[in-house]
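Have a look at the model first, then read on.

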Amino acid sequence: MQVPFVDLKAQYRTIRGEVQRAIDESLESMDLLLGPNVRGFEVEFAAYCGAQHAIGVANGTDALYLALRACGIGQGDEVITVSHSFIATAEAIVQLGAIPVYVDVDPETYTLDPSKLQAAIGPRARAIIPVHLYGQMADMDAIMPIARQHGLVVIEDACQAHGAQIHGRRAGSIGDAAAFSFYMGKNLGAYGDAGAVTTNSKAIAECVRVLRDHGSSRKYHHEEMGINSRLDELQAAVLRIKLRRLDEWNGQRQAHAEVYARLLEDVDVRLPVTRPGLTHVFHLYVVQTENRDEVRRALGDLGVASGVHYPIPIHRQTASQGVGRVAGSLRVTEMLSKRILSLPMYSELEQAQLSYVADHLRSVCNRKGLAVVS
Ligand SMILES: *Cc1c(COP(=O)(O)O)cnc(C)c1O
């Protein structure tokens, strides 16, 4: 048996007719720039997140950049975030001439450790970007009061957390603004690049709307130097169809996670932990194991694909040399980068595949003579 890491074709087959009709309709109309699908998706996605506004943009990285910029973050400002994330979180900060400041993550949930914030807040601190990693929201209950106390803006990096909740409130509705990616493999994925900013602030929403379209709200009148980061009309058509199924798909991911947890109970790996009050949407199902690289290789030999998210923390990337600073120890971040392993996770996974992954992970972990990682 082969178990792929994700299977986007399996999902496509379930919505093929609907997608083809919507794309054909859109092409027949040739209303392809910020047209009815973008407008419709923005209303529907804002409502889904429980936010006042959603603005479609070209990708998740731009969503972070535009959200930060609309909140007034710029040259020399410090933005506190985590190193245990995808590089885009830092790229958006650096693009603005701002400075990423990295704090460690919580060893249970792998999201920003709020107890590390206070010490990281210097005189130039202006914003915090908590990353809702793997499908679980960061501890916003603890982060928001600290941000408010210090007058810091909070931008949620919700690129991996479409539909995730904290006490019934969805990702994208809590911070000053939030950034979403609809990159193909995300829980809500387009067929190409796409993203959105959500916010409850009319001023931030209007600012993002102008910035994404060359700083213009009226054709050939440019209020400021913006960028071209519009959400594509065809991608918006696809996203509207998929958004209607997102809760169902997230429910399937959650059910798969329960099956993994049950099947892997007796295996020597650390399973994902969901903090009380949170709803995890399992963008990724990440375990910790000794000898990670060998376990991964052995699984691959048995037909089980896996991933590592991420093998090199942002502050250790070549691109980060001389960029940003580390606040305190990143002990957990460093440890995780050596031990984490992402198992196959997507809605259409079948029970037999889940059992196959679990059985082989068990046999690989129990196998004697695995060389020790250096
Ligand atoms: C995917 C992702 C992004 C960037 O999204 P793109 O659409 O690829 O630009 C940013 N942050 C995190 C945590 C992500 O997973």
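How do the residues of the shell around the ligand divide into nonpolar, polar and charged? They divide into four nonpolar, seven polar and two charged (Ala, Val, Leu, Ile, Met, Phe, Trp, Tyr, Cys and Pro count as nonpolar, Asp, Glu, Lys and Arg as charged, and the others, Gly among them, as polar). This is a predicted model, where local features need pLDDT of at least 70, side-chain atom pairs need pLDDT 80 or more, and totals for chains, interfaces and linings use all residues. Residues are numbered from 1 along each chain as its sequence is written, and side-chain values use heavy atoms, without hydrogens and water.

**Around the ligand**
- The ligand is surrounded by 13 residues (a heavy atom within 4 Å), and the closest are Gly 60, Thr 61, Gln 160, Ser 181 and Lys 186.
- Oxygen atoms of the ligand lie 2.5 Å from a polar side-chain atom of Thr 61 and 2.6 Å from one of Ser 181.
- For Lys 186, a side-chain N or O atom is 2.7 Å from an oxygen atom of the ligand.
- Taken alone, the ligand exposes 380 Å², and the protein buries 92% of that (Shrake-Rupley method, 1.4 Å probe).

**The pocket**
- The largest pocket has a volume of about 530 Å³ (the space filled by probe spheres set on grid points joined across faces, edges and corners).
- A pocket here is an open set of points on a 1 Å grid over the protein atoms alone, where a 1.4 Å probe fits, with protein on both sides within 12 Å along at least five of seven lines.
- The ligand sits in this largest pocket (more than half of its atoms lie within 2 Å of the grid points).
- The lining of the largest pocket divides into 13 nonpolar, 11 polar and four charged residues; lining residues have an atom within 4 Å of a point.

Key
Polar contact = N/O pair within 3.5 Å; in protein donor to acceptor, adjacent residues only side chain to side chain.
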